Structure formats: structure tokens, C-alpha cells
Amino acid sequence: MEAQVTAAAPLPWAPAPDASDVVKGIHAMLHPRNIVLVGATDKPGNYAERIWNNLVKYRFAGSLFPVNAKRETIWGVTCYKNFSSLPETPDHVLVLVPARFAVQVIRDAAAAGARSATIVTSGFSELQDEESQKLASELQQAIRETGLAVTGPNCLGNLSAGDRLFTNIDDRVVTMDQGAVAIAGQSGAIVMAIRQALEDRGVGVGYMVTTGNEAGLETPDLMRYFAEDPSIRVIVVYLEGVRSTKAFRDACKAARAASKPVIALKLGASEGGRAAAMAHTGALAGSIETFDAIATREGVIRVSGLDELIETTECFVHSTVPKGNRLAAVTLSGGKRGLLIDAFHAAGLDFAPLSPHVSGELAKMLGPGSIVGNPLDAGFAAVVDPSVYMRSIKLMIDDPDIDIVIIDAELPKAPHELRERNLRIVNEMASRGAKPVIYISAMSIGFTEFTKTLRKSLPHIAVMQGLDRAVTAIKSLLDYAKLAKEVPDVVASSKPAARSVLEKTLKAANGAALDEVASKKLLKAYGIPISKEGIAQTPAEAAKIAKQIGFPVVAKVVSAEILHKSDIGGVVLNLGSATEVKQAFNDITARVKKLKGKPRLDGILIAQQVKADLELVIGASLDAEMGPVVLFGTGGVDIELIKDVALAGAPLNTAEARHLIGRTKAGVKMRGYRGKPKLDEDSAVKALVGLSNLIADAGDRIASIDVNPFLINTKTGVAVDALIVLNNGAARRATGH
């Protein structure tokens, strides 16, 4: 008789030996051997009691130890005086004592052998008083010195479904499904709301971490861990701010390399560039736009609200990555068909004609009252004979020329034998079809308990609510599918000579901004083409420079204290003779003398007037959160009214510069719009690359660079005006910061 061999259960995942200390620390926090509650109290409604109740209710897999020096027992179990009295070495510590004691608890926990901690206690950097700020600083120092993996302070605890760990105050039901979604974010209330909404939709959450003030672990650290854990397929983050752009980008790269989408809800109330608001670029490059410029390159999907986040997460959890963007849809209503066409067209997506094979088969099955097209209105025939409806769906799922199949239908709210059977058949088709199959209800109708249970039995289909949000999510899925799996870093390509000019210029600067002459000298060093020009101190000298350049010319005021020259009449165009140049010199000088504050006049710039086919703006800005970005778009006096601009992280290479240009209407015009000749795109590319190198090389010393306009025609492109605002005390005083 042969021996029966029972297969051993697979071991739980653990980080590789060469994993980073941060990843190992987070693993210890989410999969601890035991949990110690320091500051245990059974005062009704207290956070400690609510967390204890959750750990007991969900049967945490490890040991639980309450600590309170004043109690012998609590919650019906032994209460310990301190770490040394515990029967085991402490592993994960929940800090629930008042803020003034928290720092010592962290030090004592580490000394006793703990590997991680969650500080629920508030009263640190979220408060503005001196004592709270001092405590916050001491806490950060303790975390650094001990090396403990710490979330918080001022957070609401965590979820690790596989270990049935719920160190959270939420008293709503948690299924403890080891789901494919991981959530992290600074706001406990928002992160908890996301978890609850996903659970209500039948989407399992494997991890939920509330990071609070992030004195220790930050959200990008959690993203790195989730990227490595094979149980997670989709990462959801709520971001109030990004402290380290490099850490965030590295975390995004890790997620992208692991083929795990990052869905982010980001607050946009940052002050952005501060002094950069003195220039057009700073005003146009708000914090959300700069976040997108950096994060989109790394594959982040930013959503605009919680509802959109839920639909997008649902879409990514239950959809394979599509091979292309060929959409097909099945509906039973002409009106719904029209809504689908309009909604997808508004998002830049259209339904392609069906293949002859699919069209022919559908025409055989469907009679009057149906529209054989894409979207398909199966109409009366499918309503009378449900098998016709199912064969229509199967034709589209089986068609290799269709990449995504959309079905206009909703899940039943109560038992319905036929609909349930059909849903399971489609789920099985989808499992074999290797393409997303997405059910969309035109409105958000909610789920009943029956619907939630049914939904969990259909893992291969996405079920989305609200047509507009569903379309946005599907577009995000298509955009994600086109991304490269690995995005290489772009490094500055500037030359030593250019960097030398930069250092000398910044060392000599002493005001809020560089004047136009100094700005253009720096631009020229970085390979940015500028117009022929010279600075004059007298009317006669102005006329002489104009003759050397050749008419027509432009006269402009030169003063580091006058940032927007046009606003004070400091620019005169179309000067065609020496007499006109002298008159313009005198007129501008007179206007400057009448200005309040008596700004210093450094001269009048006489510059070549370039015949332009198009006015562009090329700029750069230092965002307070995301670092340097570059901007390109339609320029001129109406720049803020038109707002045809696109942004990208700096520095750029040539390919990225061309891609940035192509994202704007200005870029379309440059490439020969409606039969017009192509403009000199190479000069704009050269300017963008040079400007991106300049802002990157400057570090945090330049707030913004404004080249407006950059004039371009079929033969050349030149910077005819420039403003470089410094990131210094003078600039901040000028903007009231």
C-alpha cells in the first residue's frame, strides 16, 4: 500500500534577506508575533479599548499584551507593568499614552527588542505650539536612533487581513479577506472610508495603513513594501504632501516594475512655487499640475475624488491589462447606446467598427429593433431570447480584434436565477478571454448584501457604477497599458561651461530676480537661442545698437525691480528708424521715473524684432513638493487666459521634450496645422532641454524661469524675453511669504 503524502501548506511570504531595512520593518509591523498595547485603559469608548476589542473580535493570530503600570488586570486578562515584565519579547507596540510619554515608550520598546510601533497618540507636529513641535522633533530623533519601524503619531491604526490584525478604532464589520488591494495614507478617516467603500463593493483589502504625521514611515515606504508583497495587485494611496520626491519616485518605479498600478488621491492645497508666482510659469504650475507632471511619468493614476478612486480601483482589480484600445459595447437600449458613445467620445475614446465576421453573425441573430454596430443595441431580439444576448457577448469576447468588452448592465439586488446564471457564464468567458470584461451601470445604484456576495463570486469581471466615472477609470486602464514597465531616470546633459556661468550668475545676484540681460546671458549658456540685442544707457547709444542689429527693433526697460515690463509701458515694438528708437528710449525712461518706489533703471535693451508665426511660452518652476518642472505652451499676453500648457519633470531629454510639445495645441500648430508650413520645432526642443537642465542644476536656488514669448517661425526660434526669479529671501518678501 502506497503511503499518502499530504502537500505542505505554502509558507507565508516574507521579504528576501537582501530586502531593505524599511521593507523588513514594515513586514514586522504588519505580521508581528505579538502586539503590546502601552497605555491600556478600559475607559468606555477609549481608543485603547476599541483597538483591543477589534484584535480580540477578529482573532489576531499572535499574542496580545496590555501594559499599564497602575493595573493588575484589564479586559479580563493580566495587565503588565512594563516591557520587562512581559512573558515574551515585545514585537509590535501600540503607543496609546499621552504625547509627553510617547518618546520614552519608543526608546524603551526598542531596548526591549520590539521591531515596530504604531503611535496612535496625537499632540505632535499637527499642533502649532512650541511644546508640541519640540515633542515632534524629539520623537523623530528617537525613531531615527532606535531604527524602529513606526507609523504615526496621530494615526488610527492598521489592517493586515492575512494575520487578522486590526489595530484600528473602526467598529464597522471587516471581512478580513486577504484581498489584492493595499491602502496607505496620512488621513485615518479617509483611508478607513476607502477601505469601507471597497468592502461594500466586494473588493477585498489585504492591508490598510494610516500613517498620520509620518514621523517615521512615510507613504512611499509603504508603497515599496506593497510593491514587493505578491499578494497585492493594486496600491491605493491618499497623499496630503510629498516630502521626498526621490523617495516617492523610487516607490512608483518599484510598483511599475512589479506591474502594480498606484492609484492616488492627492490634495492640491500646496503653495507650489511660492516666489514662482511672481512669474507666469509659477502661476500656471499649481501643485496638482506639478504632481501630475512628475507622477504620471512614473505610472501613477491620479483620481479627482473618492468616488472616482473606488471605480478606478474596481476596474484595475478585476481587469487584465488590455492589449490595445479597441472598445466594444453591448446594450439593450438605443438611449443607453447613445450615452455610451457620448461619454467615451468626450474622454477621447471611440468605438471602432465591428469586424465583418462579428457584424455578420450579429445580423443573423438580431432582427428589427436592433442596431448592429458598435456599441451594439441588441434590442428586442435579445430581450425576448436571452440566449441571443449571451451569444452577442460571446462573439465580442472571442473576437481578437476587440480589446475591451463593455456590457451595459447592473448586478441584481435580489436573487434572480437567470441573471445570476448569465453573469457566471460571462465570468467564465472572461476568465478565458484574456481581456477586460466590464459591466457598467449608467448610475450609481449601490449594493445590497446579496449583491456583495454575488459580486465576490465573479472575480473575472469588473462591475462599475456611474457612467462618467467608469469611462474615466477605463481611460486610466488604457493609459496604464501603454506605459513602459521601466522608466529610466533622465539626468542633466548640461556642459561644465554652462554650470560655471550659472554659479557665477547666482553668486553675483542680490535681488528677487535677475534682470533681462543677466537672465538671457544664462539662457544662452544653456544653449537656448536668444535674439540679437544690446543694452543702451543713452538715446544715441540705443540708435547705434539698433543700426547694428537691423530694423525693426524692440526697446525694453532693464530693471531687476520691474518684473512685468508690459504692465508699466516698458516695451515698445516696431521701431523702424533711429529717430523712433531715441523717442522710445526717452518715453520708457520717463515712465520709469514716475513709478512708485523709484525702481532702479539699468538701461534700455534694444533687441531684434523677430517675425513670428507663433508665440510660445517656455518656462520652469521649482515646486515646493515635487521639485523642478518645465512648462511649454501657447505664449504671449493672453497666456493665463488661454492656458494651453503642459508640464513635465526636469530634466528632460530630447524625446521627452518632443512629447511635451505634442501634448499642447501649440505643438499641433507647430507641426503644420491645416496645411500651414511646419515651424522650427528643433529650436523649441533645444530650448526646453536647456531650460530643464538649468532648473535642475540650480537645485533650490531658482524659483522660476519665464521665457515669454519664445518666438518661432519656419526657420528659427528665439527667446525674446526672460525672467528668472530667485528662491531667496528677497523673492519671498516680494510675494509676502
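**Charged pairs and sheets**

Biologist: Is Asp 403 buried or exposed?

Modeller: Buried means under 20% relative accessible area, exposed over 50%, and partly exposed in between, using a 1.4 Å probe and protein chains only. Asp 403 has 5% relative accessibility, so the call is buried.

Biologist: What should I know about the model itself?

Modeller: It's a predicted model, where local features need pLDDT of at least 70 and side-chain atom pairs count only at pLDDT 80 or more, while totals for chains, interfaces and linings use all residues. Residues are numbered from 1 along each chain as its sequence is written, and side-chain values use heavy atoms, with hydrogens and water left out.

Biologist: Which residue meets Asp 403 in a salt bridge?

Modeller: For a salt bridge we want a side-chain nitrogen of Lys or Arg within 4 Å of a carboxyl oxygen of Asp or Glu. Here the N to O distance is 2.8 Å, and the partner of Asp 403 is Arg 326.

Biologist: How many residues apart in sequence are the parts that this pair ties together?

Modeller: Helices (H or I, at least four residues) and strands (E, at least two) are DSSP runs, numbered from the N terminus. Arg 326 sits in the loop between H10 and strand E15, and Asp 403 in the loop between helix H14 and strand E17, so the separation is 77 residues.

Biologist: What is the N to O distance between Glu 311 and Arg 201?

Modeller: Both of these residues, Glu 311 and Arg 201, are buried. Their side chains meet in a salt bridge, and the N to O distance is 2.7 Å.

Biologist: Why does that pair tie together separate parts of the sequence, and how many residues apart are they?

Modeller: Look at where each one sits. Glu 311 lies in helix H10 and Arg 201 in the loop between H5 and E11, so the parts joined are 110 residues apart.

Biologist: Which strands are at the edges of the five-strand sheet?

Modeller: Two strands pair if DSSP finds at least two bridges between them. The open sheet runs E2-E1-E5-E6-E7 with parallel pairing. Each edge strand pairs on one side only, and these are E2 and E7.

Biologist: At what angle does helix H1 run to E6?

Modeller: Axes are lines fitted to C-alpha atoms, for helices over the stretch in contact (heavy atoms within 4.5 Å). Angles run from 0 to 180 degrees between N-to-C directions. Helix H1 lies across E5, E6 and E7, and its angle to E6 is about 70°.
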